[in-house]
Amino acid sequence: MRSDMSKYDEVEHMKNEESDSKSDSDNSNVNSIEVQPSKRKRYHRHTPHQIQQMEEFFKECPHPDDRQRKELSRVLGMEPLQVKFWFQNKRTQMKTQHEHQENTQLRIENERLRAENMRYREALSNASCPSCGIPTPIAAETSFHEQQLRVENARLQEEIDHISAIATKYVGKPFKNFMDASSSTTPHVISLSSAGNFKESSEATDLESLTNDVRRSASYGPIVIELAIAAMDELMRIALQGEPLWLPSMDQNTCLLNEEEYLRSFSRIFGPKLKGFKSEASKESVVVAMNSADVVEILMDVDQWANVFSGLVSRATILEIISCGVGGNYNEALQVMNAEFQVPSPLVPVRDSYFVRYCKQHMEGTSAVVDVSFDHLQCSPPPVTCRRRPSCVVVQDMRNGYSKVTWVEHVEVEDRGIHNIYKPLITAGLAFGAKRWVAILVGHSQRTAILAAATKISSNEANHLANQEGIKGMLKLAERMVTRFCCGVGASTSNAWTTLSGNGTDNVKVMTRKNLDDPSMPFGVQLNIATSFWLPIPPKRVFDFLRDHCTRKKWDMLWNGGDFKEIAHVTSGKEVGNRVSIYQGGNPSQSKMIMLQESRTDPTASYVVYGPVDTVSMNAILGGGDPSYAPLLPSGFAILPDGPTGGQGRGMPPQAETGGSLLTVALQVLVDSSPNAKPSMGSIAAANNLISCTIDNIKKALIPNSS
């Protein structure tokens, strides 16, 4: 035991001597450092006490500020910079340890998932049908590329079926026979353009050319879909923003787009503005007595859309339906359309536009429909006078069947050919702007609500009492009359107007039509004559004068100055003067003919439209008969404010007694009941004299000193 202790003492003695020698060596090195600096960096070792104190402080505050570092350095006898470096190194060390632990856990989790995946794969490889025991093909084994090919194949097959059905309709024989190369006949074929239009051709189209057309049509869909999605995103952002993107107009009654802010906030992914085109943009919000589904139904049904907005839409056609929607509604529905937008006057050119209409339900009770032109995507775009940037509506459901509609109109238009008297109205955005669209929609919602609640017709004679079906028939007939009047008075390409010249009739337009097979109009040759002019009279006064049957004899030349008697009427809106009436003339020669008249007004426009109907047809309609085939040839008036200075132009109530009016007069008469007859110059001169006398009588009655 003692020998072991002595050995221990010798070892300790040798260690002490070695330590002393190292100390002496260190001292000599220190002295040499004072003479000549060493190239190696000296490291400071912290004492256990210093490390313990800094560890405890680190637990409370890993990021000490300057004051705390100075206090620590004073207490621990260290430099502030040393304290700073220690905390930096400690934080780095903790971060490294944390990452190492995370990597270890992820590695373990990865190994577990890999093992579980292997078990599932082994189980799936042995899967079989429980009923027949035959091995089941596993969808998971199908490659992603194969799945994509299957989806694309199904889509192309749908496109081919769609095109085949249309081609069969136009060609008149099954599509498979049409494609049969062995056919000995050369059929009259239809070639498909990239936009979905159909062009007739007398030359035979071989299978390869037709296949290329099908492929072009099928590949066009994804581009349109991407455009529609981008347009929907922009519409939602624009519709929900306020200032500085939207600024109040000068009359503080509508919102106009700040073009500089728009260009700064939105990328122009819809193509550059065409040369000679100008931008128009407006926004309007309103509450209507309809739910969002009803509003969407109006917009996505092209016939209903053109009918409801007949004062703005003169012609509308669906060129192609890319998607009918999902879930049994119009959600995700996508249509390619062509439409003409009009002012009810032959003096204002229509705005022709090709665009995509896309509907999407964003959340429960909120839907949006967006229009956007796509001519910039086509190699040979059709000539257009209007390009629709993301426009249309966002609809949000409210209580009691109401909904909030935010309408955005953003277009680029070719500003040519507009008559001078209409320029202030169009420049102010009151002819085609959002305010005009929502005013029409509000009027339609009121009309629909009144129709649903109507149970009795207001009548002065017992033989004209009607049930609800009779009221509906009367209102439907009046609606068809107004729609036909609006379509027949504008400058649509379907209206072949001829300008009458001489004797102050430079603005009078005339056209003839032959009706051979439409039972909703009289058969034979029809003459339509129309003109527009300015009156220094507020729209409200003009509207009240023209709709009043008591003052009708002052201007109506066809009823020979006889008195008029209202025998029945139905209120068709909340504004004073919105009503559908049945009149009968006091002249005995007119006892077999009665007249249907509708007067409607809103803050942007007013109409007084009328047409003769035989007594037998009207009694049948009031008794619940079908009004679709009652022959009707409408005439009447369209009254617009003369610009933003007019009462209605400022969005004031229709009762406003300020500003002037733009009055369009249109008369339609049956020249000859024989479809083969031709209108003579005498009949045209008589019609021109008729409309001239009507205008003179209106001016004399409203402006006594005009003569």
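Let's start with Glu332, which sits in the loop between β6 (313-323) and β7 (334-341). Helices (H or I, at least four residues) and strands (E, at least two) are DSSP runs, numbered from the N terminus. This is a predicted model, where local features need pLDDT of at least 70, side-chain atom pairs count only at pLDDT 80 or more, and totals for chains, interfaces and linings use all residues. Residues are numbered from 1 along each chain as its sequence is written, and side-chain values use heavy atoms, with hydrogens and water left out.

Back to Glu332. Its phi is near 70 degrees, a positive value in a residue other than glycine. Its relative accessibility is 27%, so Glu332 counts as partly exposed. The cut-offs: buried is under 20% relative accessible area, exposed is over 50%, partly exposed is in between (1.4 Å probe, protein chains only).

Next, Asn400. This residue is in the loop between β11 (391-397) and β12. Phi is positive here too, about 60 degrees, and Asn400 is not a glycine. Asn400 is exposed, with a relative accessible area of 75%.

One more loop. The peptide bond from Glu243 to Pro244 is cis, with omega near 10 degrees. Pro244 lies between α7 (207-240) and β3 (246-248).

Now the rings. How many aromatic pairs does the structure hold? There are 14. Rings of Phe, Tyr and Trp (its six-membered ring) pair if their centres lie within 6.5 Å; planes under 30 degrees apart are stacked, over 60 edge-to-face, the rest tilted. Take Trp555 and Phe637: centres 5.0 Å apart, planes at 85 degrees, so the pair is edge-to-face. This pair links distant parts of the chain, 82 residues apart. Trp555 is in the loop between α14 (539-547) and β17 (564-571), and Phe637 is in strand β21 (residues 635-641). Trp555 is buried at 1% relative accessibility. Phe637 is buried, also with a relative accessible area of 1%.

There is also an aromatic cluster: Trp305, Phe309, Phe341, Phe355, Trp407 and Trp437. The charged end of Arg388 sits over the ring of Phe355, 5.6 Å from its centre. That call needs NZ of Lys or CZ of Arg within 6 Å of the ring centre and within 35 degrees of the ring normal. Arg552 lies over the face of Tyr610, at 4.1 Å from the ring centre.

Last, helix α9 (residues 292-300). Buried residues there include Val295, Ile298 and Leu299.
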